[in-house]
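This report walks through one protein model, from its overall make-up to single residues. Please keep the sequence and the structure in view while reading.

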Amino acid sequence: GVLPSLEFVIEPGTIMVLNNEVGFSESNLRALCDVGRSTKSAALGYIGQKGIGWKSVFRITETPSVHSRGFHVEFDLRTHKDLGYILPTWKPSSPGSSSEINGALVGDTAAPRATTHIVLPLRAEMRARGAGGGGLAARFDDLQPLLLLFLQRLQRIAVTHVAQGVQHVMSKHMHAHSVVELRRTRKLLPQEKKGAPTNSSHQVIQTSEHWLVSRMRVRPTLPRLNVVVPETEICLAFLLEDSARERGPGTKQGQLKGSPAQGADKHTVQSGWLEDGAQMMRPRPQPVFAFLPLRSYGLRFVLQ
């Protein structure tokens, strides 16, 4: 089957979002053209319901466009002002980008074709800060493999910096006995220059962590305003000691960055473990999740 993947391609002045799943239906597109409407179910494991996620893209762009399963529409604040948040304008064709490789996910020709392209031309004030919107591009470096731990469908997240020629890939792999492997790969993309041969063996750094995940479903007893939640799931994830492993021929072992730990400057951080002067190993503090990370409360396991 298809490995559900999401990729962010950061180009000078533009961010492109690629996804290889089923794509947009008519009802999905209609939901974008409304306020407080969503096609997402309130069933267990779904996040987002009010359409806030899509509306948030207007913080960085005035003309986002969606290209999926024959739909090609743009939302234009410059032309339609506030009405542009919900009024789609038909675009005649799919996006053109130097980063696309025959519609495949960028930087990975083995990946399945992207069925959905969301193009976010950056606002003028953000373009003035440099390629990728300055600090905006740096925020993508904060994405961690832990994001994938509790997401139900997504198995792979990639961030491609076109100008830098670097791609970061995070992926989730399920093993027996409730063990989840999170891998992080950094690789250099091929750089084609006149008079310079193309190097086919690009440097790849890959690290991995293994987590033991325990799940339990419970029935909430406290009511929530206008929200019916008949059942929810609580998860605990524990980092296994042999989590740092080198994978594949020709790869280099590197540090897999995790959540910032308080007092980490007094310790040596090796993968997800802290080593003090007495050679005592202990897991680093982990964030509390509500599908996405909230903050750290000092727990040395992940609570979802």
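## Basis and overall make-up

Helices (H or I, at least four residues) and strands (E, at least two) are taken here as DSSP runs and are numbered from the N terminus. By that reading, the secondary structure of the protein comes to five helices and 18 strands.

The model is a predicted one, in which local features need pLDDT of at least 70 and side-chain atom pairs count only at pLDDT 80 or more, while totals for chains, interfaces and linings use all residues. Residues are numbered from 1 along each chain as its sequence is written, and side-chain values use heavy atoms, with hydrogens and water left out.

## Confidence

The predictor's confidence in each residue is given as pLDDT, on a scale from 0 to 100. For this protein the mean pLDDT is 76, and 69% of the residues reach 70 or more. Over residues 97-104 the pLDDT is below 50, although this stretch has 20 contacts in the model beyond near neighbours in sequence, a contact being heavy atoms within 4.5 Å. Residues 244-270 also have pLDDT below 50, and this stretch has 62 contacts beyond near neighbours in sequence. Where pLDDT is low, the predicted coordinates should not be read in detail.

## Burial and surface

A residue is called buried when its relative accessible area is under 20%, exposed when it is over 50%, and partly exposed in between (1.4 Å probe, protein chains only). Of the 304 residues in the protein, 40% are buried. The protein exposes about 17300 Å², of which carbon and sulfur atoms supply 54%; these areas come from the Shrake-Rupley method with a 1.4 Å probe, and for residues only the protein chains shown count as cover. Among contacts in the protein with a separation of 6 or more, 54% are between residues 24 or more positions apart.

## Nonpolar cores

A nonpolar core is a set of buried Ala, Val, Leu, Ile, Met, Phe, Trp, Tyr and Cys residues joined through side-chain atoms within 4.5 Å. The largest such core holds 40 residues, and Trp54, Leu149 and Trp211 touch the most other members. Strand E11 (residues 232-239) gives the most to this core, with three residues. A second, separate core has five residues, including Val9, Leu18, Ala114 and Val119.

## Strand pairing

Two strands are said to pair if DSSP finds at least two bridges between them. Strand E9 (residues 179-188) pairs with strand E10 (residues 204-218) in the antiparallel sense over nine bridges, and Thr185 stands opposite Gln206 in E10. E10 is also joined to E11 by eight bridges, again with the strands running antiparallel, and the bridge partner of Ser214 in E11 is Leu236.

## Salt bridges

Side chains of opposite charge can pair when their charged atoms come close. A salt bridge is counted when a side-chain nitrogen of Lys or Arg is within 4 Å of a carboxyl oxygen of Asp or Glu, and by this rule the count comes to nine. Arg153 and Glu21 form one with an N to O distance of 3.2 Å. This pair links distant parts of the chain, 132 residues apart: Arg153 is in the loop between helix H5 (135-139) and strand E7 (156-161), and Glu21 is in the loop between strand E2 (14-19) and helix H1 (26-32). Arg153 is exposed, with a relative accessible area of 53%, whereas Glu21 is partly exposed at 22%.

In the salt bridge of Arg78 with Asp76, the closest N and O atoms are 3.9 Å apart; Arg78 counts as exposed at 53% relative accessibility, while Asp76 counts as buried at 10%. Arg183 and Glu181 form a salt bridge whose closest N and O atoms are 2.9 Å apart, and both of these residues are buried. Arg215, Arg217 and Glu233 are linked in a network of salt bridges.

## Two residues in detail

Leu147 is found in the loop between H5 and E7 and counts as buried because its relative accessible area is 14%. Leaving aside neighbours within four places in sequence, Leu147 is in contact with Phe289, Phe291, Leu292 and Pro293. Its C-alpha lies 9.1 Å from that of Ile157, a residue 10 positions away in sequence.

Ser296 lies in strand E17 (residues 292-296) and is partly exposed, with a relative accessible area of 29%. The C-alpha atoms of Ser296 and Gln286, 10 residues apart along the chain, are separated by 5.8 Å. Beyond neighbours within four places in sequence, Ser296 is in contact with Pro285, Gln286 and Pro287.
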